[in-house]
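Subject: Structure for you to look at

Hello,

Here is the structure I promised to pass on, with the sequence alongside. Have a look at it first, and then read on for what turned up.

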Amino acid sequence: MHLCPVCKSRTNPNKAHIKIQYKHDIYYPCCPLCQAVFEKEPEKYIKNLSEHKK
Ligand SMILES: [Zn+2]
């Protein structure tokens, strides 16, 4: 399972809204809204996501 980088909901890569490749990693925003937010400040959400995994 992957997490939406913005709202942290679980996303299924096979059914993801879209995948975004950013700096060698692939992210799966759950919806167009999260995609837009993520693309606006990707660094911020990538950082949050890695902290969430700890
Ligand atoms: Zn989301």
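Following the sequence, the protein chain runs β-β-β-β-α-α, which comes to 2 helices and 4 strands. Its radius of gyration is 10 Å, close to the 10 Å that the globule rule gives for 54 residues, so the protein chain is as compact as a globular protein of that length. Please keep in mind that this is a predicted model. Along its principal axes, the C-alpha trace spans about 25 × 25 × 20 Å.

Now to the inside. Of the 54 residues, 22% count as buried. The largest nonpolar core has 8 residues: Cys-4, Val-6, Tyr-27, Tyr-28, Cys-30, Cys-34, Phe-38 and Tyr-45. As a general point, nonpolar side chains in soluble globular proteins tend to be buried together.

Leaving aside neighbours within four places in sequence, Cys-34 is in contact with Cys-4, Val-6, Cys-7 and Pro-29. For the chain as a whole, 34% of the contacts between residues at least 6 apart in sequence join residues at least 24 apart.

Pro-29 also turns up as a partner of Ile-18: not counting residues up to four places away in sequence, Ile-18 touches Pro-29 and Gln-35. Where does Ile-18 lie? You will find Ile-18 in the loop between β2 (10-11) and β3 (20-22). Ile-18 counts as exposed because it has 12 C-beta neighbours inside 10 Å, and the cut-off for exposed is 12 or fewer. The C-alpha atoms of Ile-18 and Cys-31 are separated by 7.9 Å, with the two residues 13 apart along the chain.

The next loop to look at is the one between β3 and β4 (25-27), where Lys-23 is found. His-24 is in the loop between β3 and β4 as well. His-24 is not a glycine either, yet has a positive phi of about 75°. Are they buried or exposed? Lys-23 counts as exposed because it has 8 C-beta neighbours inside 10 Å, and His-24 counts as exposed because it has 5.

Happy to go through any of this with you on screen.

Best wishes

Methods
Residues numbered from 1 in each chain as written. Predicted model: local features only at pLDDT ≥ 70, side-chain atom pairs only at ≥ 80, totals over all residues. Core = buried A, V, L, I, M, F, W, Y, C linked by C-beta atoms within 7 Å. Buried ≥ 20, exposed ≤ 12 C-beta atoms within 10 Å, placed from the backbone. Contact = placed C-beta atoms within 7 Å. Rg over C-alpha atoms; globule rule 2.2 N^0.38 Å.
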